Amino acid sequence: MFGSLFEEEEEGFSLAASGGRVVKREGEPPPPRGRVNLSGIKNQGGTCYLNSLLQTLLFTPEFREELFSLGPKELGCVEDKDKPEAKVRVIPLELQRLFARLLLVDQQSASTGDLTDSFGWNNSEESRQHDVQELNRILFSALEHSLVDTSGSAFIQHLYHGTTVNSILCKECGNISQRQEDFLDLTVCVRGVCGLEGALWDMFVEEEMFEGSNLYRCGQCDQLVTAAKSAKLRKLPPFLTVSLLRFNFDFARCERYKETGRYTFPLTINLRPFCEQTEDEDSEYSYELFSVIIHKGGCYGGHYHVYIKDMDHLGLWEPPEEDSKPKVQKKKEVRVYPEPEKDDPLSVLSSIIAQEESRSMQLDQLGQRLMDKIGSSWSKKYRKLHGPIGKFLQNHSDVFVLVNNGTRVALKANPPSPVTQPSSPAHTTPGPSSNPDPVHNNTANAQPEPGLEAAPEPQGSHWFDLNDSTVTSIHEREVEKMYQGKESAYMLFYRKTLLRRPSGALRNPGYKVPPHLLEMAEEENRRLQQRREEFEANNNSVELRLHLAPRYRLENGALKPISVEQKEATNLTFDLRRTVGDLRLNIYQMQDLWDGDMALTVAKSLPAGLHLYNTLTDDEVSLYSAGILTGTDLFVWNGREVCGATVQTGAEWEPMLLTMVRPSLGEEDGGGEGEEGGSGLSKESRGFAGRVTLGEVREALGEPQESLLCQEKRGGGGGGASGWRVFPPGDMQRTLKELALKDGDALLVLEPQTQDSSVFSVSGDMVTVTTPSDCRWLQVEYRPERRGGGEGEEDEERMRAKVPASGNMLLCEVKQRAIAELQLQEQLAGVACCLRQVDRTGKLLPPVCEELSVRDAGVRLMTSLSLCPGTAPKDTQLFLYFSVGTAPSSGLEGEIIVERSSTVKQCLKKMLESARLEGDGWHLRRLDWCEEVGEALMDEEASLSELKLSHGDALVITEGRLPPKGFLKLSVWLYVEPRADPVVSMETEVNGTAEGSTEGQRLEVMTAVGGAMVELRTVGQVEISEEATLEELKTQVLTLPALQYVCVPTPAFLRVWQLEGQRLTRILRGQQHTLRKLKLCSGVEFCVQQLLREEDLGPKEVLLRVQMGVPGERGYSPPKDLVWDASRDPSPRSLRSALASTYGLSPDSLLLAKHQPHTHTWETFSNWSQQVSKRKKKKKTESLLGAPFHLKDGDIVGVKNLLIDNNRDFSTQQDEQRLREEKEQRRKGGQGAGAEVETNQGVGPEKKMGPIKARKPEVALSINVGVFR
């Protein structure tokens, strides 16, 4: 389930050359079968439980042969399944095709997509976790229904059907009362039992006595008597399926748990002691184990895989890797390698790979071999010093070569020949396979050597671990490791030892497979082979870029083209499986005029130019082994010089491109590439080899020894100045590599005559360069106010001025210079104005303090400021935004400047004066990050600085006084019933009194209760102590003006719902509970609902909205309220009994389901009960108040009467319509319809809430089957 939810990734490994996991390339065909020649099954996201069961059925030869015996005449054709008149039994057909692919098609894993589509499952069903024991029963039921009126209608019963007989012996008269029961699988208890045989002994040997106060009424004696109850196996099936009850419920902790204790089961078992008839021979009662389905994880998730014994020897079983190598070494000469130093990872890895016959191995196996050799993983031993193992192998490309898309590593010294193909496998696969890896010689499928061929197979062979797509050989003793732990056996499959396989079935995967399926598999193998050949041809072709030496010259340590117009490189497509010598010969043939030796050197284009690395010297090595990939640059030359200049190769001589910065003060035409502004500094790019020293760089630049070379100090300088660090004299003998310089770094060259310039100031080892005057400015923009006009006209009337500035200049001086530059002295005479920064969206930020300098105010040079009307704040003041109302619906309304030392009360008073509001019934609230009204500023005597308010913060003036400490202010809504009953009188009274009220009291809002839409109306607010009781809250609510004409006998006739988001979430219980105990706080919203009778719900009483399905229609009768007492028994049976009493029906005839409004689906309450040992009490069904149903107040429960309604589908046409609407909106890129409703239909007049993410529920498993009678 959930793929590898509990699988931990290998630490410190990179399965691809790029450092990530191996990703299947586009168009890559599925890989062929592995060395065991068995096919796995792909996991669709959560179908490991299905894969394990399907593999078990496949390796039950009698089951698959019975399935294959059904031909197209009985089952129909898959191609006709969409024809309305055709009667196609899709499930057995798809199961046949899947089994044929698993047996005959040469691919690593098969897909179950077509089979799950025939089940009627969607994508969500394929990713949900389910129980394999439940699937076993449902799949057999679906097959039986699909095979009605065919020759295979009874083959499930024939193979798996058994019977038990329960007997009660009267101790008085000796009368025996018997009852026979059928089974397809036996469910045995795990808790308190040491193993399978002990559980069977408790079930079928031990007697349960009826005595004392627990007597039995005998039908013969017609009185209560002492009796003994027992059970026996009456009929044994050919195949016995045993389900282990690993999952239980802890009633003390109220949680589920998994039994992980030791529970043994034998490989062979004799059932004679547990049978009613024991006269037959032992062979009639003897069974052998052939499949174990294993669950790894806990009770809420995990992973399934299966151990299977291959009865027909279809797979190539070989000893597991840990014990196979010693056996091979006994027959062959053992190579002796010196013990490597454990601190040297290069020698350790080399010795591990060298011990392999092919001198190559899978990268994931290398990590395990390393741990076996040194007793520690790569991550713990070497990762800190050498990095990930994949990176280490790439860095040592002279020793190792990564092949097969980085999943396999080989030694480069003596790689396997890329031309030699592996020998034919001993057991031919159903279809031809091609290996795209020219290095991997596939020794797993090679013919055994003559000395080893006659060796007998070890006992316990032909067991395999089938884990989704992966199939591996295991020993029989591995089964015993599944007795206990989080990874333990969950289902056992036994077969009678009398069942012998015919000799024609051994090693014959096509045995009894119908001809049309053989043709289908043969055609699929042919297509796969063609795809692999095409992919291999495309995959082994590389595009090379050839650079010819006569076209290049050596300049500043790098190769650069002689002519810009001349083409730099020649493209060549070549097969990477061919050798370096073949490539050299091909180039000779292309270059007729080439004279002398030819060297091929791997090159790389760097910012400084072309650089050469390693030369290909071994003509017998393939390009693949040499590490040549698509896009590789090869330099063709004589191996010594280019245009008479000696070329240095290797990574240590990599050239780097540096930016040389020189002063150009007073020069009119500063001459250097990249000169900035004609004055100040000029820049020029120069390339240098990485092995040259800094002194050699100075000489190459033609600078005297008195000149200073400086490196730019990163992150330093501000306000118009930049800092440079002078290289000390000792660095002149260090290379550029040693100084950690890289491409793009800047070096400042200061000659002696420029060191005393006003632009440069030298202090110790630091040089400060003042920014040139053309970069020291601020742009000030003035936008005059005008009425009317569009945006274009406003842009035309904007006035801009570039004001010279520095980091130390005061902002008030910047403002005065801008006013003078814009000639606004007369226009702004006597008008207060300020400077405000502008963000990227054009929004004005708070005004800056003009008493500060440009640097201290955080204003960057070469940016824009806006000259706006208004007063600039002082250093001791705050600039705040404020709005009036419950939220800033259309932007912030006002701005204000107050002292930091002002109290909240003083700030509120000033804001009220600015907004022209009167009265003292106001308070301030913060505006949070999502622009919603936040917490109130409760302490009105606290200063703004104590509350940590800063420039630009927003406050909201909210109507109403602050409640005193210990008091709550709650908003009250009225629940309006949708039907015409006496409650409507309450609505009428509200409507009558609301005409003279404010607009807010008449606001109507739609919300959802359990998915049903109701109407809510606001009726006001109440202020009440948090120590008041719920009864006092109801009494105070009735005093609101909007409810003054509403008459209820007592507060118990009111129901109070709490509102959260857009929904009525819970009913407040306990008339005498305080609001503090009910966890209510200020700002909470609730609504009241008038009732026709008193109500006082207990803590475990749940109010449900139940509706009975209309027979023959996809609809329901109007919902009605049901108060269900779940305090004693919260199980489905208890709810079913309560509904049966309400409707006057039998509990067994009712089918129940809960409606999920988020997904518009119905979750059925399962009726299935587990079989347990008769000595144990029957397992209590799980609570409906917990997972997966979580029943709560307001949930809608659908009811079906199975006596008159056979339709078990609870969905309605409205559900399907909403699902289609959501699917259509998702297709268009928008949100689903349900999410849109949740977002737009808030419970408050201005509340903004997003969709509520519900916990993914567990759902019952089902398979849809057509009608074939």
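I took contact to mean heavy atoms within 4.5 Å of each other, and with that I looked up Leu366, which touches Leu349, Ile352, Ile353, Met361, Ile389, Leu393 and Val409 once residues up to four places away in sequence are left out. The model is a predicted one, in which local features need pLDDT of at least 70 and side-chain atom pairs count only at pLDDT 80 or more, while totals for chains, interfaces and linings use all residues. Residues are numbered from 1 along each chain as its sequence is written, and side-chain values use heavy atoms, with hydrogens and water left out.

**Entry: Leu366**

I found Leu366 in helix α12 (residues 363-374), where helices (H or I, at least four residues) and strands (E, at least two) are DSSP runs numbered from the N terminus. For exposure I used relative accessible area with a 1.4 Å probe and protein chains only, calling a residue buried under 20%, exposed over 50% and partly exposed in between. Leu366 counts as buried because its relative accessibility is 0%. The C-alpha atoms of Leu366 and Ile352 are separated by 7.8 Å, and the two residues are 14 residues apart along the chain.

**Entry: the whole chain**

I noted 27 helices and 58 strands in the protein chain, and of its 1269 residues 46% are buried. Among contacts with a separation of 6 or more, 70% come from residues 24 or more positions apart. The average pLDDT, which is the predictor's confidence in each residue from 0 to 100, is 78 for the protein chain, and 79% of the residues score at least 70. Over residues 1-23 the pLDDT stays under 50, and the model has 63 contacts beyond four places in sequence for this stretch. Residues 1168-1180 also have a pLDDT below 50, with 29 contacts in the model beyond near neighbours in sequence.

I checked the span of helix α7 (residues 132-146), whose 15 residues reach 20 Å from the first C-alpha to the last, close to the 21 Å expected at 1.5 Å a residue; the expected span is 1.5 Å times one less than the number of residues. The buried residues of α7 include Leu135, Ile138, Leu139, Phe140 and Leu143, and also Gln133 and Asn136. At the start of α7, a side-chain oxygen of Asp131 comes to within 3.0 Å of the backbone nitrogen of Gln133.

In the loop between α7 and α8 (155-160) I looked up Asp149, whose phi is near 65 degrees, a positive value in a residue other than glycine. Most residues other than glycine have a negative phi. Asp149 is exposed, as its relative accessible area is 59%. I then turned to Asn556, in the loop between β23 (552-555) and β24 (558-561), which has a positive phi near 55 degrees and is partly exposed at a relative accessible area of 29%.

**Entry: the sheet with β38 to β42**

I traced an open sheet of 5 strands in the order β39-β38-β42-β40-β41, with mixed pairing, where two strands pair if DSSP finds at least two bridges between them. Strands β39 (799-804) and β41 (844-847) stand at the edges with a single partner strand each, so one side of each is left without a neighbour in the sheet. Neighbouring strands are turned by 35 degrees against each other on average, direction ignored. Strand β38 (residues 777-782) pairs with β39 in the antiparallel sense over 6 bridges, and Glu781 stands opposite Arg800 in β39.

Helix α21 (residues 811-822) lies across β38, β39, β40 (833-838) and β42 (864-869), and runs at about 130 degrees to β39; axes are lines fitted to C-alpha atoms, for helices over the stretch in contact, and angles run from 0 to 180 degrees between N-to-C directions.

**Entry: strand β58**

I saw that strand β58 (residues 1196-1201) is mostly covered, with 6 of its 6 residues buried. Ile1196, Gly1198 and Lys1200 point one way from β58, while Val1197, Val1199 and Asn1201 point the other way. Strand β54 (residues 1101-1108) runs parallel to β58 and is joined to it by 4 bridges, with Val1106 opposite Val1197. Strand β56 (residues 1150-1156) runs antiparallel to β58 and is joined to it by 5 bridges, and Leu1152 has Val1199 as its bridge partner.

Conventions: Polar contact = N/O pair within 3.5 Å; in protein donor to acceptor, adjacent residues only side chain to side chain.
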